Amino acid sequence: MKPGDEVTIHQLLGRVAYFHTLFVEPALTSVGPPVSGETCCNHQDTTEPGQPDVGTMLDDTAWTVLDEIARTLGEHLRPCPKADGRCCATCRVAASGAAIAQTWTTIEHLAYHRPPPENRLRQTCRTTAAVRLADVFARQYGTNCRALAEAEALDTSSLPNSSELPLTGELLALWQDPLATTGSPVVSWLNHCTDLNDIHRVLQQRGTTK
């Protein structure tokens, strides 16, 4: 990693926490218990001599904030069905990122008075966030998650942009290749908003919502 990369990653993780706490969390309602998802790579049948990391390595890093947020998201979070202390840290980052992206996509549609997001859009946002965040984590800590290595090529053609879903769009854009970002990655017009109603008003003024 280059000098300053860790600072950038911490800024972007802080951005996730800031967006969620200020904009999304107040709009959350009961979403039910978590629904089990894919088995993490440390629990998959494999002939390899074990995987290189466990989830406990997250505890002393800034990345643990994703876990903390995801645990509040109920059915949007799809944890490993065998979740325990052996779970791969990279898989945990992926699951948390996916849950956050799906939640934000759903909440933004509701806040901007749009029809509920189609399943394809929710899944595309989930998968993209999972892969992009987990990839940055793996690069930072040199992990080698088999599940991440086997991730399918992403179809990003239908991803929302910041003129459609500002929070989700910025989340996905900032994590596309954050270590190549120049300038100030966390400076945008969203910094001047205080809640989802503010964001909706700006979108209406720009003519991007109905």
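Is Y18 buried, partly exposed or exposed, and what is its relative accessible area? In this predicted model, local features require pLDDT of at least 70 and side-chain atom pairs count only at pLDDT 80 or more, whereas totals for chains, interfaces and linings use all residues. Residues are numbered from 1 along each chain as its sequence is written, and side-chain values use heavy atoms, with hydrogens and water left out.

Y18 is partly exposed, at a relative accessible area of 35%, where buried denotes under 20%, exposed over 50% and partly exposed the range in between (1.4 Å probe, protein chains only). F23, by contrast, is buried, with a value of 2%. The ring centres of Y18 and F23 lie 6.4 Å apart and their planes meet at 80°, so the pair is classed as edge-to-face. Rings of Phe, Tyr and Trp (its six-membered ring) pair if their centres lie within 6.5 Å; planes under 30 degrees apart count as stacked, over 60 as edge-to-face and the rest as tilted. F19 and W104 form a tilted pair, with 5.9 Å between centres and 50° between planes. Because F19 belongs to helix α1 (residues 5-24) and W104 to helix α3 (residues 89-111), this pair ties together parts 85 residues apart in sequence. Both F19 and W104 are buried. Ring pairs join Y18, F19, F23 and W104 into a cluster, and seven aromatic pairs are found in the whole structure.

The protein chain contains seven helices and zero strands, helices (H or I) being DSSP runs of at least four residues and strands (E) of at least two, numbered from the N terminus. Of its 210 residues, 48% count as buried.
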